Amino acid sequence: MKKEKPRIAFFDFACCEGCQLTVLQLEEKLLDLLDHVEVAAWRVAISGGSDAYDIAFCEGSISNREDEERLHRIRETAGTVVSLGTCASIGCHNALKNQWTGGEVLELVYGGEAGRFETLPARPVASVVPVDYQILGCPASLPEIEIVLKRILTGQPHPLPNNPVCVECKRNDNLCVLEKGVMCLGPVTRCGCDAICTSYGDACQGCRGLVDEPNLEAAVRVLTENHRHAIMDAVARGLRVDRERIRTWFSLYNGPDLQLEQEKTGHGP
Ligand code: SF4
Ligand code: SF4
Ligand code: SF4
């Protein structure tokens, strides 16, 4: 008897939907994928859809009750749930709103109509329901999407890598952008993107979130005046890089509550 293909579905919550668009960039490989799965629901790619699915890719953050209930229903239906991208896995830019109260946010966005809406602090999908797989990146890394798809279909786990981007950067034999006076968050950012930005000479902005137990204080010391490379120092003086600016920079993907004082991990300089 012919084995039924697993049914996959994609769902979006508060986000820019860039991660789903990245999945579409699989292009011809999507056709290969269809040999192995059936697409049950995918709003950005197909019309219609079914409520019967086995694997749910969830993109975005949860920031209202309706989305929270919808996500719980997805979790009850799907045997496998994947948080797709940094919004869904750790919060990303959405979490920046959490530095204001719900009332302040509604007033800012809707002005006099604020009373007609409700909002909750933004939480990643992975904080609201248990997820079986996480894919990081803003947008999600295409090679990692492929790897995770294969692992799901072959029943293998996908533990997140816990090395900093610097490891992949060195593996690619890149010139460190710090040497050119470019600020880079790679030393404390979780790898898995093959150092895509730094390989093209750009800074790592930290879009995959922090490694476990990051030595943020050491990262700040590398980027601030007394400890940075001479070339970078000359550039950074013009940029006026200080602790608060670095904290804001890290907060973009790691949330507004991030504190830099996490030095006591025992493996920093
Ligand atoms: S992780 Fe980035 S690209 Fe993906 S949905 Fe969120 S904001 Fe968009
Ligand atoms: S460019 Fe950034 S990620 Fe690469 S080695 Fe330098 S600090 Fe690390
Ligand atoms: S190099 Fe940094 S910013 Fe670029 S994709 Fe990787 S983690 Fe994200």
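Helix H8 (165-171) gives the most to the shell around ligand 2, with 3 residues; helices here are DSSP runs of H or I with at least four residues, strands are runs of E with at least two, and both are numbered from the N terminus. In this predicted model, local features need pLDDT of at least 70 and side-chain atom pairs count only at pLDDT 80 or more, while totals for chains, interfaces and linings use all residues. Residues are numbered from 1 along each chain as its sequence is written, and chains are lettered from A and ligands numbered from 1 in the order in which they are written.

Ligand 2 is surrounded by 13 residues, the closest being Cys 166, Cys 169, Cys 176, Cys 184 and Gly 186; a residue is near a molecule if its C-beta atom, placed from the backbone, lies within 6 Å of it. This shell has 10 nonpolar, 3 polar and no charged residues, where Ala, Val, Leu, Ile, Met, Phe, Trp, Tyr, Cys and Pro count as nonpolar, Asp, Glu, Lys and Arg as charged, and the others, Gly among them, as polar.

Around ligand 3 there are 13 residues, of which Cys 193, Cys 197, Cys 204, Cys 207 and Arg 208 come nearest. Helix H9 (residues 196-199) provides the largest share of this shell, 3 residues. By class, the shell around ligand 3 divides into 7 nonpolar, 5 polar and 1 charged.

Ligand 1 has 14 residues around it, with Cys 15, Gly 18, Gly 85, Cys 87 and Cys 138 the closest. Helix H1 (18-24) and helix H4 (86-89) each supply at least two residues of that shell, which has 7 nonpolar, 5 polar and 2 charged residues.

Finally, Pro 157 sits in the loop between helix H7 (142-153) and helix H8 (165-171). Pro 157 counts as exposed because it has 8 C-beta neighbours inside 10 Å.

Methods
A residue is buried if 20 or more other C-beta atoms lie within 10 Å of its own, exposed if 12 or fewer, and partly exposed in between; C-beta atoms are placed from the backbone.
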